[in-house]
Structures are given as structure tokens and as C-alpha cells.
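Hi everyone, thanks for coming. I'd like to walk you through one model today, chain by chain and then across the interface.

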Amino acid sequence: MMQATSHIEAISFVAPGLPDWSHASAVLRGEQPCAASELAAYQPNLLPPNERRRASPTVRMAFRIAEELINSSRQDAAQLACVFSSSDGDLAIAQRICNALAESTRMVSPTDFHNSVHNAAAGYWSIAANAKGPATAISAFDDSFAIGLLEAHAMVQVEKQSTLLVVYDVPAPMPLHASRPLGIAAGVGLLVTPHRTAASIAAFQCDAGDGNGTRCDDAAIESLRISNPAARSLPLLQAIARQQSTAVDIAMSGQRTLRITLQIGAAEVHA
Amino acid sequence: MSLLRITSYTLTSALGHGRDAHRDALVNAATGLRRHAFDDCAIDCWMGEVAGLDATLPSSLKQFECRNHRLAWLGLQQDDFMHCVARLREKYHAARIGVFMGTSTAGIHSAELAYRQARAQNSSSLPDWFDYRHTQNLYSVAGFVRQALQVSGHSLVISTACSSSAKVFAAAYRSMQLGLCDAAIVGGVDSLCLTTLHGFNSLQLVSSDICRPADADRRGISIGEAAGFAIVEKPEASADGLPYALLGYGESGDAHHMSSPDPQGSGAALAMQLALTRAALEPDAIDYINLHGTGTLANDAAEDKGVITVFGSHTPCSSTKGWTGHTLGAAGIVEAGIAMLCIEHGLLPQSLNTLQKDAQLQANVLLHPQRKTVTRVMSNSFGFGGSNCSLLFGHVNASMTRATS
């Protein structure tokens, strides 16, 4: 049914101890241990200095992913469609606003308010990259990676436009963290194109899968996988890092899985 | 060429529950805006509040209990929509029916109340009744609709501020093209909350006067709430519902500023032009433009420039936010519904509450209603972050009778 083929030209993955794709892929190949260490604060290069200083951890995570994708590809950022996917958006800002509203003065910061929209990262990115094409910001709770990938795949196939997929979530502060206990901050990005390019890493098709979903065999990586919606991508990234042309089932809610069938590198692909 | 058949739709706003209430209010020039008090908000402003949100949710949906889902539930009860979805489930498998919802704040009012209670009780934790996943989390809107309608296909929430529930049509079209689902429920739900009232007020965008789009003395928005839903099927599907179609859509980014539009309206113009191009229609094929028209100085001026760039100063247009208020993440679906009402009833609504048109605005803003045959309507929705979406609706025959003129 869904045999359309899209191509991956760049990958980014960020989690504690894994500051970029080159570290993450070495760990996923088993060349280095998965040792969690705190991420250094990221300074988005494409934001003007004022915005860079004020950018929230959530916007920094999204820019960290998007900038790695752009830096490791030959695509012009201004020409790309964008899919930003996040379960929770910026809960630190939502909490600041809710705290302000619990005071009798009700002084909501205007900056907090306009940064509280779910498309804040997408909006800042469009400004930074001067990207005027279609951009969307979606949420699918814990399925935000799988659904984001499908939205990017649909954008690529139907609009025939190369698309930046950026999936990210940052844990909420307490007390909200108790209601939404994400274990780690993480982000994943794929630059998806309609045709194979000289820089293509892999091709893929999407379909409904079955079973419980592919797990990561390393216990430390498996524990990352279930600690953040973006990290649900790890079984896919593990197959790519190990150069395995295989099918990966991304676990989703409701006993569903998304099957991603991968062809690595120069392998012939047929639409 | 039509992109999607629209075989059913419904809308609930301050104008009332369902399509007939909206038609009557449009024909009778009856605004839904009042000087309400919401919660204990002390801002001096008009609001578009939906009546009838006191009833709790049915027990099967109890975990979703909050104002936003009460509004969604009320909206789903109108215009025989539940029965239309039941018939859709017989025609397609429930797992092949997608759900694409737009919202800007979902059930954040529940979080506001939880933080207030924690503060009043001097507690460092939020109360036990607060359920983040089923109220505040944006995806809860799609989760609620899937459970309420017993469909289980591909689903997501789009949250791009005030363009959210316009963009759901484009997302549903793409997903159906790719084969992720065979039919879809699209829609949007946004409800009154302190975050948006105080947030827009902090940006000095809330008018103390009633919303007067395109008026020389306009002073900002009146915030409203609404729920709207539509059933979309493939154009070739044998469909016996309503005779409407999505003819085109255009999505663009301003790449200008987080909370104010590009003053040249170039992002808005791009969205409108993309919608026309996709529909293979010239501007003169459009009978009416339902403007985003929030009533802020900046929006109405920038949108006017965009309209002039693409359409010139001839095409009749107006904003209907003087009726409903700005329903934010639900504005796209509400105004999609109004576009279809305009086609059904041959009605071009006036810019309600506009006393004196701003002389700086060049577009053909209607100060009086017109009755005429209406075949195709463009609807604009623009949001924070420079997120623009223009939709083009028509009578299903309109897509066959006229290609590029």
C-alpha cells in the first residue's frame, strides 16, 4: 500500500552523553559505551545574538538538531519544508505562565506568551533560515517521532519538497515533571529528500508494522529509548549506524507499530 | 481539480451550536461577542463564549474532563455529525479513518486551576485530579476525538497558533494521498483560558472595545472559543454527503517575527497564491475571501497588502471575527465552516462592527452583506511564528466546471 520511497540525507541525534550524530552512531555501533553525561548548553549559531541569549532550552534543542542537519548536508536551509514534532512543547514556559496566573497580579510576560506557542521553534527557525516554505508543528504525545516521520514522508512524497524533520522534547521542571516524567532531554532529526542525492545515507518506505516494536539490545541504549519521545527513533538509528538494510518497527501507543524498511547507502531502490 | 470531498461539517462558537445557528447569526448581523466575565479574569474586554459547557463528559470519556474537551464534545453532538461518522465507519474501517486536529492551548485551563490550587494550599505539588496527558497535552484533542468517535487511524495534532485548524486540511490531504488513511475527521478546538486572555493582553493586542476588523479605529482582538469538525474523503469516493470540496491550500512562513506579521504581507500573499496555483484558478474565479482579519492594527494592514498583491482591490472580502471573536487554534475550521455556509446560502457577510473603514486599506472590504451565487471562497488563517495557511473551498461542481479561466 505505502511503498513510496524517501531518502535520508542527514541525521542528527542528541541526548545526554550523545552530543551529536557522530558520537551517537559510534555508540550505536558498539564502538563506544553509552555513558550518560550532561549536555553542554548549546548556542544556536543561526539566531541573532539577542535571541540566542534568550532562547529557551527547548528552542536550543530544536536548533541543535536542525543546525546539525544543515551543517552535514548540501541543502539550502531556506528551500526546505519543515516538520517540527514535539509531544510537550515548552513546559518550562507553560509553568512560568501558570505560576504567574496563580498570583493575584496575573503578570504574564509578553515574551513568555509568544514563546509559549507550540510552533515557537519552527517560527524561530523560519526566521533564522529565511525559510518561507510550508512548516508545521505537531504533537502526537509519545508517538511524536513516528508521526513526525510520517508527516515528513508525506510532505516529501506529495509536495515533492525536501523536508527537515526535527523531533525534540525537554523534561518539564517540578512540579509539572511529576505529571509528565520524561527521563532525559533528547532530539532527533532527519533531512528527508524525494530523490536520491550524492549525499544520501539511506532510503526508506513506511508501512504499518506488527508485534511490540524493535528494541535496542544494549540495556543503556534501551533505557534512553523509553525516556523521551524523540529517543523512540533509536532502533531506526541503530540500523542506520550499523549499515543494516532491514525493517525496523517503531513502537507506538495502542499496540501499533510503524514499520520502516531501510535500504542503506548505494543499495538499489525501487519506488 | 478538487483535492478533498467535504461530506459533513459542523461548528460551535459564541454564535451558537451548529450550522443553522451560524447561518442565522450571519444573516441577522447578530454578534456572539459579549462583555463576559471568564473565571475571575479582570481584563476589560469582549469575549466570544460558548454557552452550554456546564455538563460534564460522559463516563466513558471522564479521564479527558476539562473545558476544552467539553467544548469538543458539545461540538460533536451538532448537525448529526456523530451519525455521519458512524456511517463513515461502516464505509471504511475505523483504523483507516484519520484524525487531524488543530489547537493552540488544548486543556491548559486545567493546568491554570491546578497551579492556583497548589498555591492556595501552599503545596509544592500539583493536585491529584490534574491529568496532564488527557488535558494540557496538545495531542489530547486528537486522543479525545478518536475515543469519542471510535476511530483508530493515523492521527496528530497541529499546533501552529492561529493557523492550526486550517493546516489540518493540508495534512489530511497529504496523508490520504500517501495512503496513511482513506478518510479523515479534521477540525479544531480551542477554549477560553487565562493564558491566552492575559497573554494577548500583555502584548497589548486585546481590545477593550468590541473587535472591529478593518476599522480606522480598530484596537485589537476579542478572544473567542469554538469547536469545528469536518469529514473529508477522496474526491473519487462515492459520497452522498454535503456537496463541498477543498480546491486548494497554500502554506507559507513569513520568516519575519514571532508575534507580528511581515508588514508587506508577502508571506500572506504567498499562501494565497499557492492555494490558487494548486487549484489551477485565477484570482477572478474567487467570489469572496474570508479574511484572517483579527482587528489588530498590524494584522489587518499586512493582510490587506497581501490581498492587494494577489487579487487587486476588486474581490469582495471581510473578516467574521466581529461575530465569533478570534477563536485562535479553532479559527481555521470555524472559518472553513463559514465559507461553506456562504456557498450554501449565497451570502457574502459584511465586516461586522466596522464603523468606518480604514482609509489605508485598499481591499474591497464589505461593509454591507451581499446575496448572490457563491461558488468559491478563500479562507485565510495566519498565526504567531509567521505561520500562514490559505484554503480554497468550493461547491463540488465548481471544481469540474472551471479550470484556469
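Before anything else, one term: two residues are in contact if their C-beta atoms, placed from the backbone, lie within 7 Å. And please keep in mind that this is a predicted model, where local features need pLDDT of at least 70, side-chain atom pairs count only at pLDDT 80 or more, and totals for chains, interfaces and linings use all residues. Residues are numbered from 1 along each chain as its sequence is written, while chains are lettered from A and ligands numbered from 1 in the order in which they are written.

Let's begin with chain B. Of its contacts with a separation of 6 or more, 80% are between residues 24 or more positions apart. Chain B has 12 helices and 16 strands; helices (H or I, at least four residues) and strands (E, at least two) are DSSP runs, numbered from the N terminus. Its radius of gyration is 20 Å, close to the 22 Å that the globule rule gives for 405 residues, so chain B is as compact as a globular protein of that length. That radius is taken over C-alpha atoms, and the rule is 2.2 Å times the number of residues to the power 0.38. Along the principal axes, the C-alpha trace of chain B spans about 65 × 50 × 40 Å.

How much of chain B is buried? The answer is 67% of its 405 residues. Here, buried means that 20 or more other C-beta atoms lie within 10 Å of a residue's own, exposed means 12 or fewer, and partly exposed is in between, with C-beta atoms placed from the backbone.

Take strand E8(B), residues 226-233, first: eight of its eight residues are buried. In a regular strand the side chains alternate between the two faces of the sheet. On one side of E8(B) we find Ala226(B), Gly228(B), Ala230(B) and Val232(B), on the other Ala227(B), Phe229(B), Ile231(B) and Glu233(B), and all are buried.

What does E8(B) pair with? Strands pair if DSSP finds at least two bridges between them. Strand E1(B), residues 4-13, pairs with E8(B) in the antiparallel sense over seven bridges, and the bridge partner of Ser8(B) there is Ile231(B). Strand E6(B), residues 183-190, also runs antiparallel to E8(B), joined by eight bridges; Ala183(B) stands opposite Glu233(B).

Now for strand E16(B), residues 387-395. Nine of its nine residues are buried, so E16(B) is largely enclosed by the rest of the structure. E9(B) and E16(B) are antiparallel, with nine bridges, and Gly248(B) stands opposite Leu392(B). Eight bridges join E16(B) to strand E15(B), residues 376-383, again antiparallel, with Phe382(B) and Asn388(B) as bridge partners. E15(B) and E16(B) form a hairpin with three residues between them, and Gly385(B) in the turn has a positive phi of about 80°.

Next, a helix pair. Two packed helices are described by the angle between their axes and the distance between the axes. The axes of H6(B) and H11(B), residues 331-345, come within 4 Å and cross at roughly 75°; axes are lines fitted to C-alpha atoms, for helices over the stretch in contact, and angles run from 0 to 180 degrees between N-to-C directions. H6(B) and H11(B) are therefore roughly perpendicular to each other, given that angles under 35 degrees count as roughly parallel, over 145 as roughly antiparallel, 65 to 115 as roughly perpendicular and the rest as oblique. Ser164(B), Ser165(B) and Ala166(B) in H6(B) meet Ala331(B), Gly332(B) and Ile333(B) in H11(B).

On to chain A, which has 10 helices and eight strands. A compact globule of 271 residues would have a radius of gyration near 18 Å, and chain A agrees with its 18 Å. Of those 271 residues, 56% count as buried.

Finally, the interface. Here 52 residues of chain B are in contact with 52 residues of chain A. On the chain B side, H4(B) gives the largest share, seven residues. Across the boundary, strand E3(A), residues 135-139, pairs with E5(B) in the antiparallel sense over two bridges, and Ile138(A) has Ile158(B) as its bridge partner.
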